[in-house]
Amino acid sequence: MSVHDELTSVQRCLDDLIRSVGRLEKTMGAGGLEMRRVRSDTNHLRESVALLRETAATTAAPRKRPDLVTISDTPYDPSLWVDTDDEGLGARGRRAP
C-alpha cells in the first residue's frame, strides 16, 4: 500500500473511533474526567493524522536531484595559499606567544 492509502485507512478508522466516542459520551455523559480524557485523546489523534497528511503531501513530491559538480584532480595554484594561516598553527613564519 502507498502512504496515501495507509493514511486514508487510518483516517477511516479514526472517524469510526470519533463516532464511537460520541456514542459513548451520550451513554455515559460528557462530564466525567475519563470521558474528557478520551475525547481529548481522539482530538489529538485527529490533529496528528492531519499533520501526517500534510507531511506526506510535501514529501511525496519527487525531489529534484541536485546538479553534480565535477572537481578537477589538477593541483590548485600555490599562489592561492600565500599569506594564509594553517588551521590551528597560525601564520607561517611566526611563533606562538
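**Reading the salt bridges**

Modeller: Start with a charged pair. Arg39 and Glu25 form a salt bridge, with their closest N and O atoms 2.7 Å apart. The pair links distant parts of the chain: Arg39 lies in helix α2 and Glu25 in helix α1, 14 residues apart. Bear in mind that this is a predicted model.

Colleague: Why can side chains pair like that?

Modeller: Side chains of opposite charge can pair when their charged atoms come close. Here, the side chains of Arg39 and Glu25 also make a polar contact, at 2.7 Å.

Colleague: Is Glu25 buried or exposed?

Modeller: Look at its relative accessible area. Under 20% counts as buried. Glu25 has 19%, so Glu25 is buried.

Colleague: Which residues does Arg39 touch, leaving aside those up to four places away in sequence?

Modeller: Arg39 touches Ile18, Val21, Gly22 and Glu25. Arg39 itself sits in helix α2, which covers residues 33-60.

Colleague: How far apart are Arg19 and Asp16 in helix α1?

Modeller: They are 3 residues apart, so about one helical turn separates them. Arg19 is partly exposed, at 45% relative accessibility. Asp16 is partly exposed too, with a relative accessible area of 42%.

Colleague: Let me step back. What pattern does the chain follow along the sequence?

Modeller: Read along the sequence, the pattern is α-α-β-β. That is 2 helices and 2 strands.

Colleague: What share of the chain counts as buried?

Modeller: Of its 97 residues, 13% count as buried. The accessible surface comes to about 8900 Å². Carbon and sulfur atoms account for 57% of that surface.

Colleague: And contacts along the sequence?

Modeller: Take contacts between residues at least 6 apart in sequence. Of these, 52% join residues at least 24 apart.

Colleague: Where is confidence lowest, and where is it highest?

Modeller: Where pLDDT is low, the predicted coordinates should not be read in detail. In this chain, confidence is lowest in strand β2, residues 90-91, at a mean of 62. It is highest in helix α1, residues 3-28, at 89. The chain has a mean pLDDT of 83, and 82% of its residues reach 70 or more.

Methods
Residues numbered from 1 in each chain as written. Predicted model: local features only at pLDDT ≥ 70, side-chain atom pairs only at ≥ 80, totals over all residues. Heavy atoms only, no water. Helix = DSSP H or I, 4+ residues; strand = E, 2+ residues; numbered from the N terminus. Buried < 20%, exposed > 50% of the residue type's maximum accessible area, 1.4 Å probe, protein only. Contact = heavy atoms within 4.5 Å. Areas by Shrake-Rupley, 256 points an atom, 1.4 Å probe, with all protein chains shown as cover. Polar contact = N/O pair within 3.5 Å; in protein donor to acceptor, adjacent residues only side chain to side chain. pLDDT = per-residue confidence, 0-100. Salt bridge = Lys/Arg side-chain N within 4 Å of Asp/Glu carboxyl O.
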